[in-house]
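This briefing is meant for a reader who is meeting the structure for the first time. It begins with the aromatic side chains and then takes up the chain as a whole, its charged pairs, its surface and its backbone.

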Amino acid sequence: MSPTRTNGLRIKSPDQLVAESGADLEGHGLRRTMGLFQLVCFGVGAIVGTGIFVGLSDSVAEAGPAVAVSYVLAAVTCIFTAFSFAELGGAIPVSGSSYSFAYASLGERTAFLVGWCLLLEYGVSVSAVAVGWSQYLNELLHSLTGWELPAALSAGPGEGGVVNLPAVVVILLAAVLLVRGIRESAGATAAMAVLKIGILLLFLAVAFTAFEDGNLTPFAGAGVSGITAGASLAFFSFIGFDAVTTAGEEVKNPRRNIPLAILICIGVVTLLYVAVALAAIGALGPDAVADKPAALSLVVNQVTDSTVGGGIIAFGAVVAIASVVLAVMYGQTRILMSMSRDGLMPRVFERVSPRTRTPVANTWIVAAVVAVPAAFSSLDVVVSLTTIGTLAIMVVVNVAVIALRRSAPDLRRTFRVPLHPVSPVLGVGFCLYLIWGTGWTTWLQFAVFLVVGAVVYALYGRGHSRLGRGPVSTGPVSTGAGTSREA
């Protein structure tokens with residue numbers, strides 16, 4: 001297949017993406033070991049973590065008792081986008097996720113900027129999650145032994161410490177597991193996902209025994225603006241379901257299992273988040289939960305008048321957040337591998353070890369990079385930037401569904417977005433609404449971030465692009481799409 005040029009943009013067809021990745025066979029040297037159950041656990045592992053164990057208190061501070069509505073609003077945004085991810089994940093089952101979807105529909109420049117945003121999303125998520133893990137580790141140590149790590153070793157300089165050592169440790173442990181192989185990583189993630197769902201169900205059983213209707217009034221004291229602000233923060237809790245599509249080359253029967261796993265994950269997580277929010281506020285009231293570290297442990301401790309229950313919740317949080325670090329780091333490495341395979345990132349990121357069948361150098365580079373901000377920063381400044389970047393990616397994915405329905409109508413789709421094109425248009429609308437709620441300072445930061453990404457593409461990506469260098473040889477595939485082109 002050889003690319004053609006129209007208007008200076010480059011589009012790589014679904015055929016070529018699938019062929020180059022080997023996604024209908026063994027993906028680019030990777031090994032297919034994940035079934036549907038493991039993939040669902042992987043998705044839950046990527047989503048359920050700091051967003052509920054740590055981030056709940058921040059969302060409550062904005063929305064009050066109406067935080068449950070904020071979670072629903074964030075979930076609705078994700079559901080419409082999840083439909084789009086499910087369609088594209090089943091049609092283009094490669095490791096590149098939304099980066100590859102954009103490449104196949106909107107061109108290389110847009111794809112690079114999507115990848116640029118993904119690197120921010122995954123990188124900051126790993127670092128922020130690792131910082132949250134450190135907080136709950138101290139809570140667990142205090143519950144079990146009455147002792148905590150000194151502040152100098154458990155917080156960065158901005159939080160009154162020197163270095164957040166536990167955050168670095170959990171990142172390095174995740175890297176070790178990822179390097180060993182996807183079978184070991186998937187098994188560990190599945191075990192941790194089952195455990196943390198069990199812990200959250202235990203929390204619900206305890207918290208609802210102290211539920212009082214009066215704690216939910218006034219329900220929306222901060223008004224619609226408070227609900228929207230809470231939804232923007234709550235949206236960070238749902239970041240991770242797109243990581244399911246990054247496993248496209250290591251999943252058995254990806255065209256069936258990827259769409260199913262995405263939809264199951266969103267449904268399970270939404271029910272959990274809304275129930276936990278209502279239970280926590282109903283038990284103690286919004287003021288007792290807002291801006292409190294380790295809020296769920298606090299709720300259980302006060303309801304049971306004991307530190308034992310809070311210790312169990314803290315243990316669940318330690319496990320839950322560790323699984324998020326593992327799953328999101330996995331997604332980060334696979335995005336980099338796909339971009340490297342296209343020539344848009346250095347080749348070191350695409351190399352797969354013949355022994356472990358994993359991108360070893362890629363994994364250790366990612367671990368080293370994300371460990372630095374985890375060790376020395378609270379990352380509060382860039383969380384909003386990460387949120388707006390993720391929302392922008394979701395806008396692109398929804399648009400990509402519409403574009404590919406027109407440019408590749410015969411593409412093999414194992415799942416189709418219902419009510420097309422209304423559903424993806426609604427997805428775009430909800431994402432733009434939440435982007436509006438992030439505020440003009442975040443818009444300005446994001447604009448600068450995109451300009452930097454465009455400069456990096458102009459100086460490195462465009463010149464190193466393998467698609468731009470001429471004919472690319474690919475093997476036979478059966479997606480039913482058209483040939484590669486530049487448009």
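The structure, which is a predicted model, holds 10 aromatic pairs, a pair being two rings of Phe, Tyr or Trp (its six-membered ring) whose centres lie within 6.5 Å, with planes under 30 degrees apart counted as stacked, over 60 as edge-to-face and the rest as tilted. Local features need pLDDT of at least 70 and side-chain atom pairs count only at pLDDT 80 or more, whereas totals for chains, interfaces and linings use all residues of the predicted model. Residues are numbered from 1 along each chain as its sequence is written, and side-chain values use heavy atoms, with hydrogens and water left out.

**Aromatic cluster**

- One aromatic cluster is formed by F112, W116, F449 and Y457.
- Y457 is buried, as is F112.

**The chain as a whole**

- The chain has 19 helices and 0 strands.
- Of its 487 residues, 60% count as buried.
- Among the contacts in the chain with a separation of 6 or more, 82% are between residues 24 or more positions apart, where contact means heavy atoms within 4.5 Å.
- The accessible surface of the chain comes to about 17,400 Å², and 67% of this belongs to carbon and sulfur atoms; accessible areas come from the Shrake-Rupley method with a 1.4 Å probe, and for residues only the protein chains shown count as cover.

**Salt bridges**

- The count comes to 8 salt bridges, each defined as a side-chain nitrogen of Lys or Arg within 4 Å of a carboxyl oxygen of Asp or Glu.
- In the salt bridge of E87 with R405, the closest N and O atoms are 2.9 Å apart.
- E87 lies in helix α5 (residues 67–91) and R405 in helix α17 (residues 380–407), so the pair ties together parts that are 318 residues apart in sequence.
- E87 and R405 are both buried.
- R341 and E249 meet through their side chains in another salt bridge, at 2.8 Å from N to O.
- That pair links distant parts of the chain, with R341 in helix α15 (residues 308–341) and E249 in the loop between α11 (223–238) and α12 (254–284), 92 residues apart.
- R341 is buried, and E249 is buried as well.
- E350 forms a salt bridge with R466, in which the closest N and O atoms are 2.6 Å apart.
- E350 lies in the loop between α15 and α16 (360–376) and R466 in the segment after α19, so the pair ties together parts that are 116 residues apart in sequence.
- E350 is buried, with a relative accessible area of 11%, whereas R466 is partly exposed, at 27%.

**Nonpolar surface patch**

- W436, W440, W443, L444, V448 and V452 form a nonpolar patch on the surface, with about 690 Å² of accessible area together; patches are made of residues with over 30% relative accessible area and no salt bridge, in which like charges are joined within 9 Å and nonpolar side chains (Val, Leu, Ile, Met, Phe, Trp, Tyr) within 5 Å.
- Helix α19 (residues 440–464) contributes 5 residues, the largest share of the patch.

**Backbone features**

- Most residues other than glycine have a negative phi, and most peptide bonds are trans.
- A cis peptide bond joins H420 and P421, with omega about 5°, and P421 lies in the loop between α17 and α18 (422–436).
- L419, found in the loop between α17 and α18, has a positive phi of about 55° although it is not a glycine, and it counts as exposed at 68% relative accessibility.
- S97 also has a positive phi of about 55° without being a glycine; S97 lies in the loop between α5 and α6 (98–105) and is buried, with a relative accessible area of 0%.

Note on methods. Helix = DSSP H or I, 4+ residues; strand = E, 2+ residues; numbered from the N terminus. Buried < 20%, exposed > 50% of the residue type's maximum accessible area, 1.4 Å probe, protein only.
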